[in-house]
Amino acid sequence: MKYLFLTLLLLIFAGCSAEQSAKVEPSERWYTSEDVRVGQKVFLQNCAVCHGNQAQGLVKDWKQTLADGSYPAPPLNGTAHAWHHPLKILLRTTQNGGVPLGGKMPGFKGKLSQSEQLAAIAYFQSFWPDKVYQAWLELDGLK
């Protein structure tokens with residue numbers, strides 16, 4: 001009887017814990033594993049030189065302007081501000097570049113197809129922790 005009570009108690013706590021740590025599963029994201037695979041290739045060939053192989057950024061303080069007054073490429077892995085922007089803004093920045101935002105990033109509109117650009121976004125979003133991705137969704141990230 002004592003063990004039955006302990007087992008039930010553990011199950012109750014496990015159920016509460018599971019509810020509290022509910023997270024977005026990869027299958028609930030807007031992209032597929034194939035998008036990430038294609039995006040990795042696109043990202044490594046076009047973006048990693050400035051944003052790092054795993055979108056981690058290459059400078060310690062990406063908010064600090066460089067000597068020329070421009071901003072360095074920020075991390076895109078969920079640790080900087082990219083997750084505050086909806087998908088259409090991420091795509092527009094990829095297409096038109098970061099110069100209008102004070103950076104040096106070139107636009108890829110004429111170099112990459114829209115599907116390749118979206119795949120690159122899928123790749124860097126694949127590094128976003130579930131909590132960050134969920135916050136992005138709550139900010140209407142898919143709009």
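A helix here is a DSSP run of type H or I with at least four residues, and helices are numbered from the N terminus. The model is a predicted one.

**Overall layout**

The chain holds six helices and zero strands. Read from the N terminus, its elements follow the order α-α-α-α-α-α. Of the 143 residues in the chain, 34% are buried. Among contacts between residues at least 6 apart in sequence, 58% join residues at least 24 apart.

**Helix pairs**

| Pair | Axes come within | Crossing angle |
|---|---|---|
| H2 and H5 | 7 Å | roughly 100° |
| H4 and H5 | 10 Å | roughly 120° |

Helix H2 covers residues 33–46, and its axis crosses that of H5 at roughly 100°. Because of this angle, H2 counts as roughly perpendicular to H5. On the H2 side, the contact is formed by Asp35, Val36, Val38, Gly39, Gln40, Val42 and Phe43. H5 contributes Glu116, Ala119, Ala120, Ala122, Tyr123 and Phe124. Sorted by class, this contact has nine nonpolar, two polar and two charged residues.

For the other pair, the axes of H4 and H5 cross at roughly 120°, and the crossing is right-handed. In H4, the residues that take part are Leu87, Leu90, Leu91, Thr94 and Gln95. They meet Gln114, Gln117, Leu118, Ile121, Phe124 and Gln125 in H5. By class, the contact of H4 with H5 has six nonpolar and five polar residues, with no charged residues.

**Gln95**

Gln95 belongs to helix H4. Is Gln95 buried or exposed? Its relative accessible area is 18%, so Gln95 is buried, the cut-off for buried being under 20%. Apart from neighbours within four places in sequence, Gln95 has contacts with Gly107, Phe108, Lys109, Gln114 and Gln117.

**Helix H6**

Helix H6 spans residues 130–138. Which residues of H6 are buried? They are Asp130, Val132, Tyr133 and Trp136. These residues lie on the same side of H6, because they cover an arc of only 160° around the axis. In general, an α-helix has 3.6 residues a turn, so residues three or four places apart point the same way. The buried residues of H6 pack against H4 and helix H5, the latter running over 114–125. On the face turned away from the buried side, H6 carries the exposed residues Lys131 and Glu138.

**Two residues with positive phi**

Most residues other than glycine have a negative phi. Ala55 is not a glycine, yet its phi is positive, about 60°. Where is Ala55 found? Its place is the loop that runs between helix H3 (48–51) and helix H4 (87–96). Ala55 counts as buried because its relative accessibility is 0%.

Asp140, also a residue other than glycine, has a positive phi near 65°. Asp140 sits in the segment after helix H6. With 42% relative accessibility, Asp140 counts as partly exposed.

Definitions and conventions. Residues numbered from 1 in each chain as written. Predicted model: local features only at pLDDT ≥ 70, side-chain atom pairs only at ≥ 80, totals over all residues. Heavy atoms only, no water. Buried < 20%, exposed > 50% of the residue type's maximum accessible area, 1.4 Å probe, protein only. Arc of directions from axis to C-beta. Contact = heavy atoms within 4.5 Å. Axes fitted to C-alpha atoms, helices over the stretch in contact; angles between N-to-C directions. Parallel < 35°, antiparallel > 145°, perpendicular 65-115°, else oblique. Nonpolar A, V, L, I, M, F, W, Y, C, P; charged D, E, K, R; others polar. Left-handed = near helix turned anticlockwise from the far one by under 90°.
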